[in-house]
Amino acid sequence: MDSIPGTLVRFEMTRVPAGRLPDGARMPAFDIGRTEATWDMYDVYALRLNEPARVGGADARARPSSPYGAPDYGWGHAGFPVMSVTRAAVDEFCLWLSERTGHRYRLPTESEWTYLAMLATQHVTADSAWRDAVAWHRGNSDDQTHAVAKKQPDALGLFDLFGNVAEWVVAADGALVTRGGSFRDRAETIGPASRAVQNPTWNERDPQLPKSRWWLSDGPFVGFRIVRETSPER
């Protein structure tokens, strides 16, 4: 468990054991969020909930601008996954969280996400029944996100790795990529192979030029999960 100092917000990390990718590449152990990041966590950063109001002067860390509407779309807030956030916003959040906690938090690389997805599904069969048990998808989500950890955990003990919100990862080629699929995708398309690259439709209604670096006006299906780096000896 970790917490954000000065708040009651706590979040749980799960150890992913070291191993090898299908191509033989070695993957060191790392810690991953047991759930997708929630608004409870993100609001502390975005709304400065644990800091006194500033009067003049520069802030030490950039914060999100105000969204054009309710970023949770009215579907639910406390305990629900963060959504509609850009990769740049998530990167800034991870830097802020690292500074506050003393641990280094970041997004998973695409290789790390692929590895943990492989472990999470190592015992599933070819049919789609397992997706109904662990994932929110087009067939069971009522076209919206749901509070985290309401489905069964997967083989790693993680919740919502597939479905609910698609999760930002750091791709090797620098592309803006999400993995796992979301609540709006068909059941048969979510899972370890689900991959999407950001395109203009994710921010189509944003009137700013350039577009907001913080919010995706048409991306309520996009969220994230955090990694905590471990020391080499662990």
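## Strand pairing

Two strands count as paired if DSSP finds at least two bridges between them. In this predicted model, strand E6 (residues 30–33) and strand E12 (residues 227–228) pair in the antiparallel sense, with 2 bridges between them. Within E12, Val227 is the bridge partner of Ile32.

These strands belong to an open sheet of 4 strands, ordered E3-E6-E12-E7, with antiparallel pairing. Strand E3 (13–16) and strand E7 (105–106) each have a single partner strand and stand at the edges, so one side of each has no neighbour in the sheet.

In soluble globular proteins, nonpolar side chains tend to be buried together. The largest nonpolar core here has 35 residues, and Tyr42, Phe93, Phe224 and Ile226 touch the most other members. Helix H1 (39–46) and helix H2 (87–101) are the elements that give two or more residues to this core. A second, separate core holds 23 residues, including Met27, Ala117, Leu156 and Ile190.

Leaving aside residues up to four places away in sequence, Ile226 touches Phe11, Met13, Asp31, Ile32, Gly33, Met41, Phe93, Cys94, Leu97, Tyr105 and Arg106.

## The second largest pocket

The volume of the second largest pocket is about 190 Å³. Its lining consists of 16 residues, of which Arg10, Phe11, Thr35, Thr38 and Met41 are the closest to the pocket centre. Strand E2 (10–11) and H1 each supply at least two residues of this lining. By class, the lining has 6 nonpolar, 4 polar and 6 charged residues.

Key:
Residues numbered from 1 in each chain as written. Predicted model: local features only at pLDDT ≥ 70, side-chain atom pairs only at ≥ 80, totals over all residues. Heavy atoms only, no water. Core = buried A, V, L, I, M, F, W, Y, C linked by side-chain atoms within 4.5 Å. Buried < 20%, exposed > 50% of the residue type's maximum accessible area, 1.4 Å probe, protein only. Contact = heavy atoms within 4.5 Å. 1 Å grid on protein atoms, 1.4 Å probe; cavity = no way out; pocket = protein on both sides within 12 Å on 5 of 7 lines; lining within 4 Å. Points joined across faces, edges and corners; volume = space filled by probe spheres on them. Nonpolar A, V, L, I, M, F, W, Y, C, P; charged D, E, K, R; others polar.
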